[in-house]
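Subject: Structure handover

Hello,

Please find the structure below. My notes on what was found in it follow.

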Amino acid sequence: MVATIGVISVGLAHPATGTANASTAYKRYTWNKSMKAGDCWMYGGAKWTLYPNGTAEFDARVFSTSDDDAWLMWAHLKDENGAVLDEIQVAGSTSTKFVKNIPVEVRTYRWLAKGRFDPSLYPLIKGMSLSKHC
């Protein structure tokens with residue numbers, strides 16, 4: 001098990017637990033604590049799963065304390081020294097900005113997203129961080 005740090009855009013850090021599973025070939029990074037940006041919240045347990053073929057899956061639950069909000073997120077891949085290798089791109093796009101609309105306040109929404117990254121970076125990935133905005 002590898003411990004990494006999830007960094008949010010305001011400079012606060014939340015621990016993310018990273019695991020690698022040789023039998024099914026993936027790396028998973030989980031943010032155990034809730035995160036906040038503006039009126040938006042992401043519950044603890046949000047996770048990115050990375051695969052050697054360069055695909056990535058995100059699973060989280062979000063809500064806002066006001067109507068018509070959106071959670072914006074950028075996922076950074078990091079090496080063993082914490083240097084950024086790349087950002088995950090939205091599947092089917094060149095954008096690195098993931099967006100989850102939150103139309104109704106205090107309603108929890110499940111956020112399932114797919115992304116991609118350069119598969120040649122997979123062996124170098126030892127951690128992740130997130131930047132966010134609401």
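Two strands count as paired if DSSP finds at least two bridges between them. Strand β5 (residues 40-42) and β7 meet this rule, because 3 bridges join the two strands. They run antiparallel, and Trp-41 stands opposite Phe-63 in β7. Please keep in mind that this is a predicted model.

Strand β7 has other partners too. It is joined to β6 by 4 bridges, and this pair also runs antiparallel. Here Thr-49 stands opposite Glu-57 in β7. The hairpin of β6 and β7 has 4 residues between the strands, and in it Gly-54 takes a positive phi near 90 degrees. Between β7 and β12 there are 8 bridges, again with the strands antiparallel. Ala-56 stands opposite Gly-115 in β12.

How many of the 10 residues of β7 are buried? The count is 7, which leaves the strand mostly covered. Side chains in a regular strand alternate between the two faces of the sheet.

Next, the aromatic rings. The model has 6 aromatic pairs. In one of them, Trp-48 and Phe-98 are arranged edge-to-face, at 5.2 Å centre to centre and with 75 degrees between the planes. Trp-48 is in strand β6 (residues 46-50) and Phe-98 in strand β11 (residues 98-102), so the pair links distant parts of the chain, 50 residues apart. Are these two residues buried or exposed? Trp-48 counts as buried because its relative accessibility is 0%. Phe-98 has a relative accessible area of 3%, so Phe-98 is buried as well; the cut-off for buried is under 20%.

Phe-58 and Trp-111 form another pair, with ring centres 5.2 Å apart. Why is this pair called edge-to-face? Its planes stand at 85 degrees, and planes over 60 degrees apart count as edge-to-face. Phe-58 lies in strand β7 (residues 55-64) and Trp-111 in strand β12 (residues 109-116), so the pair ties together parts that are 53 residues apart in sequence. Both Phe-58 and Trp-111 are buried. Ring pairs link Trp-48, Phe-58, Phe-98 and Trp-111 into a cluster.

Finally, two places where a charge sits over a ring. Lys-27 lies over the face of Tyr-122, 4.5 Å from the ring centre. Arg-61 has its charged end over the ring of Tyr-43, at 4.2 Å from the centre of that ring.

Regards

Definitions and conventions. Residues are numbered from 1 along each chain as its sequence is written. This is a predicted model: local features need pLDDT of at least 70, side-chain atom pairs count only at pLDDT 80 or more; totals for chains, interfaces and linings use all residues. Side-chain values use heavy atoms; hydrogens and water are left out. Rings of Phe, Tyr and Trp (its six-membered ring) pair if their centres lie within 6.5 Å; planes under 30 degrees apart count as stacked, over 60 as edge-to-face and the rest as tilted. Buried means under 20% relative accessible area, exposed over 50%, partly exposed in between (1.4 Å probe, protein chains only). A charge sits over a ring if NZ of Lys or CZ of Arg is within 6 Å of the ring centre and within 35 degrees of the ring normal.
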